[in-house]
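Welcome, and thanks for taking a look at this one. Below is a short briefing to read alongside the coordinates, beginning with a single residue and then stepping back to a whole chain.

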Amino acid sequence: MRRLIGKIVTCLILTVIAAIFLLPFYITLLGSFKSYQEIFLNIFGLPESWSLTNYTEVVQKIDFLTAFRNSFVITAGSLCGIVLFSSMTAYRLLRIRTRLHRALYFLFVASMVIPFPALMLPLVRIMSTINLYNNLLGVIFAYYGFGTALAVVLFYGFLKTVPASMEEAAMVDGCSHIGTFFRIVMPMLKPTTATLVVLDIIWIWNDYLLPAILLTRTKLHTVPLAISYLFDQFNSRWDLAMAAVVLCIVPVLIVFLAFQKYIIAGIATGSVKG
Amino acid sequence: MDKKDLTLRRSKQLRFLGNELFFLGPTLVFFVGIILLAFALSIGYSFTDWNGVTNEVHFVGLENFKKLLTDRGYWNAFGFTFRYAVAAVILNNVLGLILALMITSLKRGTNFYRTTIFIPYAMSAFVLGFIWRFIFIKGFPVIGELTGLSFFSQKWLGTPSTAYWGLVIMSVWKHVGYVMVIYIAGLATVPEDILEASCVDGATALQQIFRIKLPMLMPSVTVCLFMSINWAFNIFDMNLSMTAGGPYNTTMSVSLNIYYEAFKYFKNGYATAKALLFFLVVALISILQTRLTSKREVDL
């Protein structure tokens, strides 16, 4: 009996906590349909009318669709490269043991401690030198640089748990290293890839600082940058901001909910291994 | 015979090299070209007076580092970041652990609770900073009126101490889900039979938690501490959007301080020196922490 009461109490507490956690989203979602005044007068209640004017105004005022497209291009482009290049590297570093490979792996791990401010200033310089400043491709290349460390570590950690027998069998049958990788290893990497994709989407789509430094032309802005406009130039237009935030959150939310199995499992196993 | 062996070996070496280039090439191009190169340049620029805009770069030796030592704003930022990190790390881990224990004690509904508490992590810190600014400035006073609790009606982002807690609250809200997920996974590795045996021996739930579960969770604690310390020290996005360092630079984190030094005052060389010192401090703390908690990990 005591156990049951304990469980009910736990359930209640967790439900209250979950509700508190969702409160900011609730406020933002409802606020996105309210007029500027209504937001301040009626923070927690339902909107008087579910009007989409905030949304249409946001799309016009800060060119949201272009920002959305930019964010999408950057995120998708970065992901493709990170997944492909890092999986190849992790495979090579793990399966062929040389001193160089061990040193490289250590370098990847160590680089993850470097905070972004220590790298961001020369980054601008590097990008302008190779003429990729104010260029979406430059941002994508930057994400390749920053994203490979974690990706290599994740793939490496996973591959360690996979015996090399299938790969060896393939090579005995005459398959090249490259062929073995694409035909045997890559399909095995699907769960880790799913985890990495979700983690990286969460990082890249939501990132503010890196695009802010490398992209100054408004036409190239990503979604977080576009949202920041609503606060500098339009003096805190909370009504528009809430609509913009909803638009920013929804894509990531969809990806997250669709893949939550993978990311939660991935975080869990990735952390247990170290 | 010899010549054949030689060409065979040569072609094998070439193939090996070709494979190396194929598998490692692209990654290394970007890793070295961006991370390592930027890091090396950072070290270089920290000895100059570069302003980040023009091409005038003059070598100034250790000037920047000497200036660092007496830079009030920088050390205040360090102090603030440190105080903020202590609160954020402790709260993240304690709350994350408690939530993990609560969720693992249930059989149903665990997915729902786990997901809702995790969702804030998936959102943009920068964007969320604005939302929380709204909540603290406008939302809390409304709650204060409705409930009559003056706790909610104070000027949250207007005074240094409450702004500090505002940042901590928002940061914990965002990160506790991730920490909780790791602890849930760690708790799942505690063997059932040990728990049952302890039950037979008359252990209470609390005793189970402190004597069995916690020691076995040390690997998870190592990881969670590492990550939460990293998040805390590197805070930038939500700092910028929620307080921008205010009121009066009292909630200025080190990253924000460096950012302003570079992009508001155009002292890139100096900012780089600051950033490098910051890196050393963070690296040192991370290494110390991993050493400390790894030692306490318990094997079965």
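G144(B) is buried, because its relative accessible area is 3%, which falls under the 20% cut-off for that class. Please keep in mind that this is a predicted model.

**Around G144(B)**

- In chain B, helix α5 spans residues 125–147, and G144(B) is part of this helix.
- Setting aside neighbours within four places in sequence, G144(B) makes contact with L149(B), F152(B) and S153(B).
- Q154(B) sits 10 residues from G144(B) along the chain, and their C-alpha atoms are 8.5 Å apart.

**Fold of chain A**

- Chain A contains 13 helices and 0 strands.
- Its pattern along the sequence therefore reads as α repeated from start to end, under the DSSP-based assignment of helices and strands.
- Along the principal axes, the C-alpha atoms of chain A occupy a box of roughly 70 × 70 × 35 Å.

**Packing and surface of chain A**

- Of the 274 residues in chain A, 52% are buried.
- Among contacts in chain A with a separation of 6 or more, 72% join residues 24 or more positions apart.

**Charges of chain A**

- Chain A carries 20 positive and 11 negative charges.
- The mean position of the positive charges in chain A lies 13 Å from that of the negative ones.

Notes. Residues are numbered from 1 along each chain as its sequence is written. Chains are lettered from A and ligands numbered from 1 in the order in which they are written. This is a predicted model: local features need pLDDT of at least 70, side-chain atom pairs count only at pLDDT 80 or more; totals for chains, interfaces and linings use all residues. Side-chain values use heavy atoms; hydrogens and water are left out. Helices (H or I, at least four residues) and strands (E, at least two) are DSSP runs, numbered from the N terminus. Buried means under 20% relative accessible area, exposed over 50%, partly exposed in between (1.4 Å probe, protein chains only). Contact means heavy atoms within 4.5 Å. Lys and Arg count as positive and Asp and Glu as negative; His and the chain ends are not counted. The place of a charge is taken as NZ of Lys, CZ of Arg, CG of Asp or CD of Glu.
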